[in-house]
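Please look over the sequence and the model below before reading on.

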Amino acid sequence: MGMEDEPTALVPDDLRRRCDPATLGFDTTDAVEPLDALTGQARAIEAIRLSAEMRHRRFNLFVHGPEGTGRHAAVLRLLAEAAARRPVPDDWVHVHDFDAPDRPRALRLPRGMGPKLRQAMAGLVDDLAQAIPALFESEEYQSRRAAIEETFGSRNEKAFADLGRRARDRGVAILRTPMGFALAPMRDGEVQKPDVIDKLPEAERAAIHDNVAKTQEELSAFLESLPRIEKDHRAAVAALNAEMAEQVVELNLSELREGFAGIAMLDDHFAALRKDLIGNAELFMKAGKQGDDGSFPMASARVHDTPRFHRYAVNVLVSAPGDAVGAPVVVEAMPTLANLTGRIEYTQQLGTLVTDVTLIRPGALHRANGGYLVLDARRVLAEPFAWDALKRCLETAEIRIIGAGERLGLSASGTLDPQPVPLDLRVVLVGDRWLMRLLETHDPEFAQLFTVRAEFGPDMDWGAESQRLFARQVAALVRREGLRPVAADGVAALIEVAAREADDRQKLSLLLSPLWDVLREADHRAGQERATAIARSHVEGAEAARQRRSDGPAERIHELIARDTLMIASRGSAVGQVNGLTVAELGGARFGWPVRITARVRVGAGQVVDIEREVRLGGPIHSKGVLILSGYLASHYLPETPLSLWASLVFEQSYGGVEGDSASVAELCALLSALAGVPLSQSLAVTGSVNQQGEVQPVGGVNEKIEGFFETCAAQGLTGRQGVLIPRRNIDNLMLRPEVVEAVAEGRFHVHAISHVDQALELLTGLPAGQRGLNGEFPAGSVNANVEMRLMDFAEARRDFGRASGHIIVQGDDT
């Protein structure tokens, strides 16, 4: 059977695939085993499991796919399964480094030991704040301190007494004055005045001066020895204090060590802690005095909370709860730099920002360490420095806390540089394909760090097995949310909604979110009717209501058509004019409507003018479709004669952008009608793209386009001659609304499927398109014959014009 004999009219069964409830094998979903797992996503699930189970740090995962496919839920479920098989990670704490106070140490402790160490250290500080002051007030300490004071006091007194005796033997008096010590000659126990000395013989005066000078030297030596003696005094007191403090520190610290025996990571810290506690015993003396001064003597029991004792605190970054099972799975909804890598907080003291080890805060990387971290890719990329910090942490396998201020060179005074924490986790980014492609193109490190891709597909094949799995998923939602059971015909109706969402009668949509919303609304409708189960009528009612809620823009367009503001004819015929179909998507809702396309022709140089492109309203794909029309004309008509045509094509009353080639069949029909002078039926609308051989190619939005023209015709009155021409390759995309199928079944509306533009011409004109015969000519009276004859007339007119004007005619130009 040739193309011209191929039937074009579609029957109702071609327009909508129905799901027979009897094939489902149950009355309601109460008899169906629920299925919480996703179906139709085997490839994505395999990739997620690979990333979750691989231990190599490069196997991080990027999950992409349409919104509503259950990506997040599937990722969390599969990660939770993998995490349950992994051990609970160890604790991580930060402690003060007594040798480098600005670089706190990171310590890894066995699970649950972090909080215990924090509590033990707080108790140690509080106990020492009680024990050290009590020790220094003990009788033993006071007696030993008194002995030291007496020893050094008597040493000073004896040295000064010896100096005084030698001075007296020389006849020199040592006098105490407000300005210090003074020396004066003395005779017979009395100090001599200067005028008396001046009257003495020269030899005697010289002897007195020598004695005073010697005494001055001895006095200076004595005074110079006083700081050394005081230093020895302080050293003796410090040694006593250290000895006494060591006793109480060793006693309390030994008890603490017993609770953490076998943790080698703490040995160095405890040794440094012991040394610092002994050397800073006076801090606890001050704390004890302050506690005694308060109204409540027990206030000193919590001295570990005061800033001066934070050097002994333990900052627990991560510690799993006691009932935790498996590795952590962390979802960070706000992946800022601080929320990812942690931050250092500051407090104000005397107008200055200060910090210490207790003000280090962990990030999501710390909490997920040893497990899995799930992030929204778009949000990570939108946060300043977050993406770069995440890559650096994955690349170096460590978590380094660096704030935005430090990265910008605006670090606060007294900041810390905590020791990095080793990193061992799997990062899962959830995004879309476009974002993944951008990262692959512009960030070479992305491909090195995220080597696994999990793609969630938009649909699955519609068959008996997929129907069964879909019903089990419906049963799972019913059980999970406490909905009414769904009858078999209700599940069948929901399956048909899924096929409509997939735009393919051979597929079921895997965008479950809108499908479950329909089911929830159907449950609400069933409740209003006091029904015990959700039936087909409830599902279809919910779907119709959902479409009605989003039909506002479409209704306004059809109102403009009904008022003839937008000029669309669904009756009669016109030369060079055809009803095209367009589709738009607003707020997630798609709708179609007709648009008038017109063509005008005259003699020219083989140019087809796309007015939309000329005014920059046409996109590149639409312009490509128009240029294909020129190729079709040049190859299909008068191939040996220059194309002597000027033609213009326009979407009438279209004031926005036009993109896509789905109107190229309609444009070609309008152009051929204008050339042949044959009117086109306005009762039919056309959609489809065409290639240079005239073959009709499939387009998108075919359901919405058919329904849009149906609504226009219904508003203007159905005559039984109206219909739509669609590409035959779009038949599998048909899932039309029941009212359209019903109109076709009653003969009030028609849908034709075409494979070639010639079929469109025959349906629109009522004339044969005509095939070129063995003589190389089209049959007389056919549309193609009329077109070729008109083009031949244009060529002759152009040739005659060229001769008259002296121009040489070449293809596409006049010279």
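Does Asp424 count as buried, partly exposed or exposed, and what is its relative accessibility? In this predicted model, Asp424 counts as partly exposed because its relative accessibility is 38%, a value that falls between the 20% under which a residue is called buried and the 50% over which it is called exposed. The side chain of Asp424 meets that of Arg55 in a salt bridge, with a distance of 3.4 Å from N to O. This pair links distant parts of the chain, since Arg55 lies in the loop between helix 2 (42-53) and strand 1 (61-64), whereas Asp424 lies in the loop between strand 15 (421-422) and strand 16 (426-431), 369 residues apart.

Asn369 is buried, because its relative accessible area is 9% and the cut-off for burial is under 20%.

The protein has 28 helices and 32 strands. Its radius of gyration is 48 Å, well over the 28 Å that the globule rule gives for 815 residues, so the protein is more spread out than a compact globule. The C-alpha trace spans about 165 × 80 × 50 Å along the principal axes. Buried residues make up 47% of the 815 residues, and of the contacts with a separation of 6 or more, 77% are accounted for by residues 24 or more positions apart. The accessible surface comes to about 39,100 Å², and carbon and sulfur atoms hold 52% of that surface.

Charged side chains are the next topic. There are 92 positive and 115 negative side chains in the protein, and the centres of the two sets lie 2 Å apart. The structure holds 48 salt bridges, one of which joins Glu398 and Arg400, with the closest N and O atoms 3.4 Å apart. Both partners are partly exposed, Glu398 with a relative accessible area of 26% and Arg400 with one of 31%.

Another salt bridge brings together the side chains of Glu711 and Arg737 at 2.6 Å, N to O. Glu711 lies in helix 25 (residues 702-716) and Arg737 in the loop between strand 29 (723-727) and helix 26 (738-745), so this pair ties together parts that are 26 residues apart in sequence. Glu711 is partly exposed, with a relative accessible area of 27%, whereas Arg737 is buried, with a relative accessible area of 14%. These two residues belong to a network of salt bridges that also links Arg500, Asp503, Arg590, Glu704, Glu707 and Glu739.

Trp516 counts as buried because its relative accessibility is 9%. Not counting residues up to four places away in sequence, Trp516 touches Phe470, Gln473, Val474, Leu477 and Leu494. Between Trp516 and Pro7 there are 39 Å in space, C-alpha to C-alpha, and the two are 509 residues apart in sequence.

Key: Residues numbered from 1 in each chain as written. Predicted model: local features only at pLDDT ≥ 70, side-chain atom pairs only at ≥ 80, totals over all residues. Heavy atoms only, no water. Helix = DSSP H or I, 4+ residues; strand = E, 2+ residues; numbered from the N terminus. Rg over C-alpha atoms; globule rule 2.2 N^0.38 Å. Buried < 20%, exposed > 50% of the residue type's maximum accessible area, 1.4 Å probe, protein only. Contact = heavy atoms within 4.5 Å. Areas by Shrake-Rupley, 256 points an atom, 1.4 Å probe, with all protein chains shown as cover. Lys, Arg positive; Asp, Glu negative; His and termini not counted. Charge placed at Lys NZ, Arg CZ, Asp CG, Glu CD. Salt bridge = Lys/Arg side-chain N within 4 Å of Asp/Glu carboxyl O.
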